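User: Please take a close look at the side-chain packing in this model. I would like the ring contacts and the nonpolar core in one connected account.

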Amino acid sequence: MRKLFAFLRRSHTAKSTGASTGTLQAVLMATVFGLGVAALPQDANARNIVSFSPHVAPGTVVISAGQRRLFYVVDTGVAISYPVAVPKRGKEWSGATSIEGKYVNPDWVPPAVVKADHPELPNFIRGGSPRNPMGVRALTLSSGEVAIHGTTQRMRASIGTAASYGCIRMLNEDVSDLYDRVDVGSPVMMTR
């Protein structure tokens, strides 16, 4: 509120010092639009509402490996943007797939390629364990042993990097938000 009052004071001062009416109207309209966007109902975890390509249908998940972001298209030209960890070098993939399954506190069995690189890993970690790398939710994809999933507390720092064996890793609060928004069969596109 203090910022709004400061803005109004600056606007009044600018007007009295001869600033153009058009400039003041543009600034006022931008402020009103900004306040309107801030007033839109948003879930606490859906922090980043962004403009997006109007050519992508609502309900589509788009993962940008280069930006290390996952976008969930909520309306024509509008998406929620989440930070993610993407596949590391040599494990990258791109193309179209879909959500095949939705799981709460999924169990985890390390895929053979992960187990080969990390033989010290247990063969099974029960869902809900703080050591389970799937986190609190998992959205399996129809393209094989790949999922969009949460993470452990220790691995949170990997979000925003290229670190996985093919999966898309999200913060637990973000994957929970996405889980509630998508359906089995929702389209998923991975771009580089």
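**Rings and core**

K102 lies over the face of Y179, 4.4 Å from the ring centre. The charged end of R137 also sits over the ring of Y179, at 5.4 Å from its centre. Bear in mind that this is a predicted model.

Next, ring against ring. The count of aromatic pairs comes to one. The pair is F52 with F71: the ring centres are 5.0 Å apart and the planes meet at 40°. That angle falls between the limits of 30 and 60 degrees, so the pair is tilted. F52 lies in the loop between β1 (49-51) and β2, whereas F71 is in strand β3. The pair therefore ties together parts that are 19 residues apart in sequence. Both F52 and F71 are buried.

Now the nonpolar core. The largest one has 22 residues. V61, I63, L70, I148, M170 and L178 have the most contacts inside it. At least two residues of this core come from each of β2 (61-64), β3 (69-75), β4 (78-83), β7 (137-141), α4 (172-181) and β11 (187-191). The largest share, three residues, is supplied by α4.

Setting aside neighbours within four places in sequence, M170 is in contact with L70, Y82, P83, V84, I148, H149, G150, T151, I159, V175 and L178. Of these, L70, I148 and L178 are also among the residues with the most contacts inside the core.

Technical notes:
Residues are numbered from 1 along each chain as its sequence is written. This is a predicted model: local features need pLDDT of at least 70, side-chain atom pairs count only at pLDDT 80 or more; totals for chains, interfaces and linings use all residues. Side-chain values use heavy atoms; hydrogens and water are left out. A nonpolar core is a set of buried Ala, Val, Leu, Ile, Met, Phe, Trp, Tyr and Cys residues joined through side-chain atoms within 4.5 Å. Buried means under 20% relative accessible area, exposed over 50%, partly exposed in between (1.4 Å probe, protein chains only). Helices (H or I, at least four residues) and strands (E, at least two) are DSSP runs, numbered from the N terminus. Contact means heavy atoms within 4.5 Å. Rings of Phe, Tyr and Trp (its six-membered ring) pair if their centres lie within 6.5 Å; planes under 30 degrees apart count as stacked, over 60 as edge-to-face and the rest as tilted. A charge sits over a ring if NZ of Lys or CZ of Arg is within 6 Å of the ring centre and within 35 degrees of the ring normal.
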